[in-house]
Amino acid sequence: VNRLNKIFHQRLVALADNPYFVEQHERTQFEYWSLRLPVIFAQEQLAHSAEQHAAIVDSLERHDGDLAEKLAREHICSTMHIVADALGER
């Protein structure tokens with residue numbers, strides 16, 4: 001699952017062809033791997049993340065950029081909540 005998640009994000013960033021987006025993704029990856037504790041996602045969290053990924057891809061395939069942005073922002077927020085909860089920061 002982690003491998004597919006990593007591939008999804010790398011491919012999405014590459015397709016964006018946006019240097020700022022690439023830089024932010026690289027920073028996020030560096031900071032994620034520098035966490036003081038590993039964050040383990042529960043099965044239901046992984047399933048929800050996969051559903052979010054599928055919805056983002058679907059919106060991109062339909063050329064609905066506004067929806068893709070909305071879904072991507074929701075995905076980022078839900079992931080941030082998972083990490084914050086795991087680190088006891090919420």
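In this predicted model, helix α1 (residues 2-16) packs with α3 at an angle of about 25°, and the axes of the two helices are 12 Å apart. These two values are a handy place to start, since two packed helices are described by the angle between their axes and the distance between the axes. Angles under 35 degrees count as roughly parallel, and α1 and α3 are therefore roughly parallel to each other. The crossing in which α1 passes α3 is left-handed.

Which residues meet where α1 and α3 pack? On the α1 side, the residues are N5, F8, H9 and L12, and on the α3 side they are S49, H53, I56, V57 and L60. S49 belongs to helix α3, which covers residues 43-61. Is S49 buried or exposed? Its relative accessibility is 13%, and because buried means under 20% relative accessible area, S49 counts as buried. Leaving aside residues up to four places away in sequence, S49 touches N5 and H75. N5 is also one of the α1 residues listed above for the meeting of α1 with α3.

A step back shows the chain as a whole. The protein chain holds 4 helices and 0 strands, and reading along the sequence gives the pattern α-α-α-α. Of the 90 residues in the protein chain, 19% are buried, and S49 counts as buried. The protein chain exposes about 7100 Å², with carbon and sulfur atoms supplying 59% of that area. Contacts can also be sorted by how far apart the partners sit in the sequence. Among contacts between residues at least 6 apart in sequence, 53% join residues at least 24 apart.

Attention now turns to charged side chains. Side chains of opposite charge can pair when their charged atoms come close. How many salt bridges does the structure hold? The number is 3, and each can be followed in turn.

R62 has a relative accessibility of 48% and counts as partly exposed. D58 is partly exposed too, with a relative accessible area of 35%.

Another salt bridge joins the side chains of R73 and E69, at 2.9 Å from N to O. Both residues lie in helix α4 (residues 65-86), and they are 4 residues apart, about one turn of the helix. How exposed are these two partners? R73 has a relative accessible area of 52%, and because exposed means over 50%, R73 is exposed. E69, at 41% relative accessibility, counts as partly exposed.

The closest N and O atoms of K70 and E74 are 2.7 Å apart. K70 counts as partly exposed at 45% relative accessibility, and E74 is partly exposed with a relative accessible area of 37%.

Taken together, the picture joins a roughly parallel pairing of α1 and α3 with salt bridges that include R73 with E69 and K70 with E74.

Terms used. Residues are numbered from 1 along each chain as its sequence is written. This is a predicted model: local features need pLDDT of at least 70, side-chain atom pairs count only at pLDDT 80 or more; totals for chains, interfaces and linings use all residues. Side-chain values use heavy atoms; hydrogens and water are left out. Buried means under 20% relative accessible area, exposed over 50%, partly exposed in between (1.4 Å probe, protein chains only). Contact means heavy atoms within 4.5 Å. Accessible areas come from the Shrake-Rupley method with a 1.4 Å probe; for residues, only the protein chains shown count as cover. A salt bridge is a side-chain nitrogen of Lys or Arg within 4 Å of a carboxyl oxygen of Asp or Glu. Axes are lines fitted to C-alpha atoms, for helices over the stretch in contact, and angles run from 0 to 180 degrees between N-to-C directions. Angles under 35 degrees count as roughly parallel, over 145 as roughly antiparallel, 65 to 115 as roughly perpendicular and the rest as oblique. A crossing is left-handed if the near helix is turned anticlockwise from the far one by less than a right angle, and right-handed if clockwise.
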